[in-house]
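Reader: I'm new to this one. Could you walk me through how to read a few of its features?

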Amino acid sequence: MFKTTNDMSRIAARGGGFLGKHSSEEGLPPEVEEGNIEYKLKLVNIPADRLEHLVTQMKWRLSEGSGEALYEIGIADNGQLVGLSQADLAESLRTLQTMAEKASADCSIVRKRAVPGTASPAAGGGEPERTVVEVLVRKRFEEEHFLEIQIALMGGSDAGKSTILGVLTHSETDNGFGRARSRAFNHKHELESGRTSSISHELVGFDSEGRLINFATPSVQTPQHICERSSKIVTLLDTCGHSRYLPTTLAGITAARPHYAMLVVNAAHSGDITREHLGLILVLRIPLFIVVTKIDATPPEQVRNTLATLVGMLKGPGTRLVPIIVKNEDDLVATMPHMGGGAVVPIFLCSSVTGANVPLLVKFLNLLQVPPAADAEARGFMDLQFQVRDVYEVPTVGTVIGGQVLAGTVTTARLQHQALLLGPFEDGRYRAVRVKSIHRFCRPVQFVKAGQSATLAISFTGDDEAAATPPTLRRGMVLLSNPGDARASWTLDVQLHMLYHATELAPPQTAVIYCGSVRQAARVVWVERDRRVRTGDRARVRFRFLNHPEYLAVGATLLAREGRAGNMKCVGTIEAVGTADDDVEAVPRPETRADSRDARQHQHDRGHHHGHGHGHANARGGEDPGVPRPASI
């Protein structure tokens, strides 16, 4: 974050951060009121009333960063690196530690940097050395609240996802024969083939002072031990890299809603699956960073070719991302303020065998923060929506559902009685339940809030037959607190963007719908103006589920895919949902002059393409600025 320059006025006026600076510049962008980054020139001789104000300010910065804040000591509000003498710096750090104690937080120095142009006393002559310090402030672990970040590992089957996962969770390099990846597999056939065929979850933690907590930490033997000693939990989801298991990866990513995606790439080549997974990440608008592995076994020229291919994909039409190769801590810290927006893509060059740059990746995970969401605070005050991702039957406990709180707060019956409804079941009904207990990362808690994942032990209540004979539960169900939200949808109207189709989409074709935890086959029953939707087209399409109704929210993003071969790939936004009786006709939309012109052009295109086989060019040609156009999905 600290670079070298001779013109401080340019920095103060520009405020462009890392992206707006060159390697010969120095300084930071001016301080902003929002966010979790605070500049302090010095904290010396602070009176008691001023200290209380500073503590309040620190609490606000911590809330802005979901429990984390960065303090830049020795830096003016305009971003100029002023620096402090050793005596002033020591007192400023003591004051910052006092502030953190009052805010129930801990401090850890990220790095120190001497201000250019100053000299140490040993060097003699010149201006006395002044130093600036970057400090990470993190709230201490609390039983009901700790930081949680979910990261999905994506990439091809030969990229080394499971291997780098094993290195991160055990702090032990690979032996080149699969020792590290064997710790991340769920099934015996995965160990034998070396290919992941299921979604596995692994944890690493960081304490309030930024120290890594994993299975290499003394006295840590289970994931519960990691949770007990950490104030920040990073959940790493290892996805499937082989094309055969792409539907499993799609279902896992849409259900998990990860905060970030870590695209793992083999340094020798990128491959088609890398392009496929990158397209999925872009369509779902997940911030990402890239880890290029196996640099120890790849010639430098081939590494450069792979990087050039990656940069070309990231800067391609419809994406316009900014890739940055992270070589040192300066590059790492400089990218952090831009991670939440998703425009900057850090690239790490690592080796799981030699351990090259793995400590840099670990430090990146420590500094990584939850991406800001515009409606995050508002969702906490909404009615409860908990989407079911997993269902278990636990001896002596009963039915347990695992998932994520999309809105509101769920509490145990002991803390507060909530009248909750679970469904929809196959008959479209919802049934009353109560929450007996809640566990979050192996620890019992009394409540969970919007955006957090948890497992809930539930029991059916009421006088109906469900209380005596619990019905079959499935993924995709929801737990609701408002009876007015309890709807069961058989049909859904989608504003569809066809990314690829081998021929054209028309009734009565079928596709698999992926939306949150929902994964079900659906049939096309209606397309606006009886159109045939081809690659690149956009149209309003009505689907009808084939097996049972689902709970879907208007405005949600979904993916639709046909067959394992991927004959159809599209993304869309749900505009309306309905019952089983709504699959005959759709409410017509008033036709405009532009619609008529598009319909005539579409008929012309159909006549032009008639008899030309299964391949169709993009008849529309335009790009939606709101949806990135991936190379594939």
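**Helices and strands, step by step**

Author: Let's start with a helix pair: α4 and α11 are roughly perpendicular to each other. Keep in mind that this is a predicted model.

Reader: How do I read that from the angle at which the axes of α4 and α11 cross?

Author: Angles of 65 to 115 degrees count as roughly perpendicular. Here the axes of α4 (residues 161-170) and α11 (residues 358-367) cross at roughly 75° and come within 11 Å, so the pair is roughly perpendicular.

Reader: Which residues make the contact?

Author: On the α4 side, look for Ile164, Val167 and Leu168; α11 brings Val358, Leu361, Val362 and Leu365. By type, the contact of α4 with α11 has seven nonpolar residues, no polar ones and no charged ones.

Reader: Now the strands. Is β26 mostly covered or mostly open?

Author: For a single strand, the general idea is that side chains alternate between the two faces of the sheet when the strand is regular. As for β26 (residues 518-527), this strand is mostly covered, with seven of its 10 residues buried.

Reader: Which strands pair with β26?

Author: One is β25 (residues 510-515), which pairs with β26 in the antiparallel sense over six bridges. As a landmark, find Ile513, opposite Gln520 in β26. Another is β27 (residues 538-545), joined to β26 by five bridges and also antiparallel. There, Val527 has Val541 of β27 as its bridge partner.

Reader: What lies between β25 and β26?

Author: Two residues, and the two strands form a hairpin. Look at Gly516 in the turn: its phi is positive, about 60°.

Terms used. Residues numbered from 1 in each chain as written. Predicted model: local features only at pLDDT ≥ 70, side-chain atom pairs only at ≥ 80, totals over all residues. Heavy atoms only, no water. Axes fitted to C-alpha atoms, helices over the stretch in contact; angles between N-to-C directions. Helix = DSSP H or I, 4+ residues; strand = E, 2+ residues; numbered from the N terminus. Parallel < 35°, antiparallel > 145°, perpendicular 65-115°, else oblique. Contact = heavy atoms within 4.5 Å. Nonpolar A, V, L, I, M, F, W, Y, C, P; charged D, E, K, R; others polar. Buried < 20%, exposed > 50% of the residue type's maximum accessible area, 1.4 Å probe, protein only. Pairing = 2+ DSSP bridges.
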